[in-house]
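Please view the model alongside the text.

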Amino acid sequence: MRKLLVIGIGAGNPDHMTVQAIDGLNRADVLFIPDKGAKKNDLAELRRHICDRFVTNPNSRRVEFDVPVRAEPAPSYRSTVDDWHEAIAAIYEGLIRDELSQDGCGAFLIWGDPSLYDSALRILERVRMRGNVDFELEVIPGITAVQALAAGHKMALNRIGDAIAITTGRRLTEEGLPDNAGSTVVMLDGKCAFNTLDDKDLVIHWGAYLGTPDEILISGRLGDVGDEIVKTREEARRKKGWIMDTYLLRKLGQ
């Protein structure tokens, strides 16, 4: 039976690669490299660099594929994402069917960790449910942007006896900060949702391109650095054509 490895490759620094992840790359016959277009060529290039650096298996080969662009959410965010995932599932199915032998091994290289705010596992489950191709699945964890953010700011995510919440920019806008967590990590925020919060005394620890030579870190009282983050983020996104960032919020002095 075909085997698929879903490998976490870290937050952007090739040094984030674990021994287990490197071993997985070298077990694979085929390494699947997604291409998200010219504006995000850096993302595919980093995967290529990781393969160049760590793959020693002379029999492995790379297969690059185009990733469809997600439509703007209308009228429903969930239905838009569902349609997008269905399109990607069709691509995955074709790759598994056409590029892997019946006993072959393929690997998908996933930013961060496949289990934290990534949809590869859900999409592969869609492929399995279609019933057209059979495969076994193995997940190899990776360093997340959350860990890289904490390391960059030289801080612990938790405070003693306190809970941590991980949420999205969309939910922060709609619901505000969770009441039951002293520290809140916000991911997938394309619209600087921290600006919607009334409490400007919150402390924010923000980071972009974490773990890479382009890493940017800003921290301070939200009322003091919020505008700086917005400006810095937009300038960086315009310069590179894409941005990956995350941040932590907590109340001052707690």
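A residue counts as buried when its relative accessible area is under 20%; over 50% is exposed, and values in between are partly exposed. The model is predicted.

**Aromatic pairs**

A search of the whole structure turns up 6 aromatic pairs. Tyr-92 and Phe-108 make one that is tilted, with 4.5 Å centre to centre and 35° between the planes. Tyr-92 belongs to helix α3 (residues 77–99) and Phe-108 to strand β4 (residues 105–110), so this pair ties together parts that are 16 residues apart in sequence. Tyr-92 is buried because its relative accessible area is 8%, under the 20% cut-off. Phe-108 is buried too, at 3%.

Tyr-209 and Trp-242 form another aromatic pair, this one edge-to-face. The ring centres are 5.2 Å apart and the planes make an angle of 90°. This pair links distant parts of the chain, 33 residues apart. Tyr-209 sits in the loop between β8 (203–208) and β9 (216–221). Trp-242 sits in the loop between α7 (222–240) and β10 (245–250). Both Tyr-209 and Trp-242 are buried.

The two pairs are set out below.

| Pair | Geometry | Centre to centre | Angle between planes |
|---|---|---|---|
| Tyr-92 and Phe-108 | tilted | 4.5 Å | 35° |
| Tyr-209 and Trp-242 | edge-to-face | 5.2 Å | 90° |

Which residues do ring pairs link into a cluster? They are Phe-32, Phe-65, Tyr-92 and Phe-108.

**Val-225**

Val-225 lies in helix α7. Is Val-225 buried or exposed? Its relative accessibility is 9%, so Val-225 counts as buried. Leaving aside residues up to four places away in sequence, Val-225 touches Ile-204, Ile-218, Ser-219 and Gly-220. Val-225 and His-205 are 20 residues apart in sequence. In space, their C-alpha atoms are 9.8 Å apart.

**A nonpolar surface patch**

Tyr-117, Ile-164, Ile-166 and Leu-188 form a nonpolar patch on the surface. Together they have about 350 Å² of accessible area. Ile-164, one of these residues, lies in strand β6 (residues 164–168). Ile-164 counts as partly exposed because its relative accessibility is 39%.

Conventions
Residues numbered from 1 in each chain as written. Predicted model: local features only at pLDDT ≥ 70, side-chain atom pairs only at ≥ 80, totals over all residues. Heavy atoms only, no water. Phe/Tyr/Trp six-rings, centres within 6.5 Å; stacked < 30°, edge-to-face > 60°. Helix = DSSP H or I, 4+ residues; strand = E, 2+ residues; numbered from the N terminus. Buried < 20%, exposed > 50% of the residue type's maximum accessible area, 1.4 Å probe, protein only. Contact = heavy atoms within 4.5 Å. Patch = residues over 30% accessible without salt bridge, like charges linked within 9 Å, V, L, I, M, F, W, Y side chains within 5 Å. Areas by Shrake-Rupley, 256 points an atom, 1.4 Å probe, with all protein chains shown as cover. Salt bridge = Lys/Arg side-chain N within 4 Å of Asp/Glu carboxyl O.
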